[in-house]
Amino acid sequence: RISIDVMRHASGQGGLVRIGVGEAPTHALMDDIVSSIAAQRPQLSLSVLTAPSGQHAEHLRRGEIDLSICHPIEGHDDIIVSEPLLESRIIGVAHPDHPFCSRPPAGLVELARARFALPFLEPRYETIFERDYGLDVTEQAGRVVCSSLDLLLKILVKDPTFVSAGPAFSFARELAAGQLKVVATPVPFNHLIHLHTLREAYPLPAVAWVRDVIRDAFAGIRGR
């Protein structure tokens, strides 16, 4: 049995691959990725950690994950290798009965001052709001920060008083079902997702194979 397990590890058919994933790709992609891996290599085990992008560098450094799918990790080029997977525009969304769906806000400032529900906001967005628009979104009245994207979507679908924003692909199911609508004011940000690995990581065949599966999944999103 040990010999069989060693052969599976050596060929990439078995072993454990640990993936760290940001909120948006977890909601949009991980079900498909996990299902694809389970169908093709049932002896391979997966561990998925969902965490804000800012925490992924430390998880990689400590060897707690093999791969990271999240916003670009900056300042760690000496130890982390990154490759772009997807660039998605940020859109504003709301319940179809929200006033902004019939009368779009005059601009980004009015949109940002509405009753907002958000997942964890990447620090770069807070910096851009304050630097370019003079808005401190951390002090915004009525702002609700959700612990997960799934919770955020439940709130938006049920409550017509909230507006939100995020990568277009993360709202795709709810928009297609008519549960949410795009708020017409363009949001001048793009959401970037990169695939990160530790530069000196041991080249396990299973990790390399899972990396290819992830690349194919994001290529499908780009194609759509």
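User: Is cysteine 70 buried or exposed in this model?

Analyst: This is a predicted model. Cysteine 70 has a relative accessibility of 2%. The cut-off for a buried residue is under 20%. Cysteine 70 therefore counts as buried.

User: Which cysteine sulfur is nearest to that of cysteine 146, and how far away is it?

Analyst: Cysteine 146 is buried too, at 7% relative accessibility. A disulfide needs two cysteine sulfur atoms within 2.5 Å. Cysteine 146 is in no disulfide. Its nearest cysteine sulfur, at 18 Å, belongs to cysteine 101.

User: How many disulfides does the count come to?

Analyst: A disulfide is a covalent bond between the sulfur atoms of two cysteines. The 2.5 Å limit is the test for such a pair. By this rule the count is zero.

User: Which element gives the most residues to the largest nonpolar core?

Analyst: The largest nonpolar core has 24 residues. Val17, Ile19, Ile69, Val210, Ile214 and Phe218 have the most contacts inside it. Elements giving two or more residues to this core are β1, α2, β3, β4, β9 and α8. The top contributor, with eight residues, is α8.

User: Which residues of α8 are buried?

Analyst: Helix α8 covers residues 205-223. An α-helix has 3.6 residues a turn, so residues three or four places apart point the same way. The buried residues of α8 are Ala206, Val207, Trp209, Val210, Val213, Ile214, Phe218 and Ile221.

User: What distance does α8 reach from its first C-alpha to its last?

Analyst: Helix α8 has 19 residues. At 1.5 Å a residue, 27 Å is expected. The span in the model is close to that, at 27 Å.

User: How many residues apart in sequence are arginine 215 and glutamate 83?

Analyst: The two form a salt bridge, with the closest N and O atoms 2.6 Å apart. Arginine 215 is partly exposed at 29%, and glutamate 83 is partly exposed at 24%. Arginine 215 lies in helix α8 and glutamate 83 in strand β4, so the pair ties together parts whose separation in sequence is 132 residues.

User: What is the N to O distance in the salt bridge of arginine 115 and aspartate 159?

Analyst: This pair links distant parts of the chain, 44 residues apart. Arginine 115 is partly exposed at 39%, and aspartate 159 is partly exposed at 22%. A salt bridge must fall within 4 Å. Here the N to O distance is 3.9 Å.

User: How many salt bridges does a search of the whole structure find?

Analyst: Another one joins glutamate 110 and arginine 103, at 2.9 Å. Salt bridges that share partners also join Glu58, Arg61, Arg62 and Glu64 into one network. The search of the whole structure finds eight.

User: Which side chain does the side chain of glutamine 40 meet in a polar contact?

Analyst: Glutamine 40 lies in helix α2, residues 23-40. Glutamine 40 is partly exposed, with a relative accessible area of 49%. Its side chain makes a polar contact at 2.8 Å. The partner is serine 36.

Key: Residues numbered from 1 in each chain as written. Predicted model: local features only at pLDDT ≥ 70, side-chain atom pairs only at ≥ 80, totals over all residues. Heavy atoms only, no water. Helix = DSSP H or I, 4+ residues; strand = E, 2+ residues; numbered from the N terminus. Buried < 20%, exposed > 50% of the residue type's maximum accessible area, 1.4 Å probe, protein only. Polar contact = N/O pair within 3.5 Å; in protein donor to acceptor, adjacent residues only side chain to side chain. Salt bridge = Lys/Arg side-chain N within 4 Å of Asp/Glu carboxyl O. Expected span 1.5 Å × (residues − 1). Core = buried A, V, L, I, M, F, W, Y, C linked by side-chain atoms within 4.5 Å.
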